[in-house]
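Here is a short briefing on a structure. Look at the sequence and the model first, then read the notes by topic.

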Amino acid sequence: MITTVLYSIVVGLIIISLIAIARAYGGPSVLDRIVAMNVITTNVVMIILIFAYIDRSFYYIDVAFVFVLGTFIGTLCIIKLLREGHII
Amino acid sequence: MFVGVVGLLRLPDVYTRMHAMGKCDTLGAGMILIALMLLIADITNITKLVLIGIMIATINPIITHLIAKTAYNRGTPMAEGSFLINDYVAAQRRRRRSTLETGKTKKGDQGSS
């Protein structure tokens, strides 16, 4: 029962990510694509956590944590490149 | 989260898209995290989930703020019919231009006299 609900939530998150990919494909500027990428990464983290509960393998929670940190550093680097023209 | 993505698809501007996504995404992620905390009845994993929730709730507004500031500094065009109430950068430019003009007139007066 609860597994069916969780699978339906995963399907909904995948549909949301596809809509965000459509915005990232046809976005007029770079910043729209950054916003859409932020949404997609948050959805991916949520999908990893839900599958960690479904499979009862809780080591994936650490994987999700590292994914959040890496996404933050990546988006920060892209924004710094846009603002100043160089990263380092 | 679905309402936020519909706003991402439909709204006409960078700023309004950020306004749609910066709140709905954080709230939806927090709701899913609370549901998983109720499902997983283990104290170590609940602690890790709380840590992930704190990280998302701090990182997402920071990223949204930086994107908004970058868009404002790059001069991204807004939607038709929108306006700024307190335009800080434009007021600063206007003040600098007025001080330059007064300095030029003073120098001109000194040169002529």
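Read along the sequence, chain A follows the pattern α-α-α, with three helices and zero strands. Helices (H or I, at least four residues) and strands (E, at least two) are DSSP runs, numbered from the N terminus. This is a predicted model, in which local features need pLDDT of at least 70 and side-chain atom pairs count only at pLDDT 80 or more, while totals for chains, interfaces and linings use all residues. Residues are numbered from 1 along each chain as its sequence is written, and chains are lettered from A and ligands numbered from 1 in the order in which they are written.

**Overall form of chain A**

- The radius of gyration of chain A is 16 Å, whereas a compact globule of 88 residues would have one near 12 Å; the radius is taken over C-alpha atoms, and the globule rule is 2.2 Å times the number of residues to the power 0.38.
- The C-alpha trace of chain A spans about 50 × 30 × 10 Å along its principal axes.
- Of the 88 residues of chain A, 27% count as buried (20 or more other C-beta atoms within 10 Å of the residue's own, with C-beta atoms placed from the backbone).

**Helices in both chains**

- Helix H2 of chain A, residues 30-54, has 25 residues and reaches 36 Å from its first C-alpha to its last, close to the 36 Å expected at 1.5 Å a residue; the expected span is 1.5 Å times one less than the number of residues.
- Just after H2(A), A:Arg56 takes a positive phi of about 55 degrees.
- H2(B) has 26 residues and reaches 37 Å from its first C-alpha to its last, close to the 38 Å expected.
- Buried residues in H2(B) include B:Val14, B:Met18, B:Met21 and B:Ala29.

**Where the chains touch**

- Contact joins 30 residues of chain B to 27 residues of chain A (C-beta atoms, placed from the backbone, within 7 Å).
- On the side of chain B that touches chain A, H1 (2-10), H2 (14-39) and H3 (43-74) of chain B each supply at least two residues.
- H3(B) gives the most to that side, with 14 residues.
- The residues of that side divide into 23 nonpolar, four polar and three charged (Ala, Val, Leu, Ile, Met, Phe, Trp, Tyr, Cys and Pro count as nonpolar, Asp, Glu, Lys and Arg as charged, and the others, Gly among them, as polar).

**Confidence**

- Chain B averages a pLDDT of 77, and 67% of the residues score at least 70; pLDDT is the predictor's confidence in each residue, from 0 to 100.
- Confidence in chain B is lowest in helix H4 (residues 88-112), at a mean of 66, and highest in H3(B), at 88.
- The model scores ipTM 0.84 and pTM 0.78.

How values were computed. A residue is buried if 20 or more other C-beta atoms lie within 10 Å of its own, exposed if 12 or fewer, and partly exposed in between; C-beta atoms are placed from the backbone. Two residues are in contact if their C-beta atoms, placed from the backbone, lie within 7 Å.
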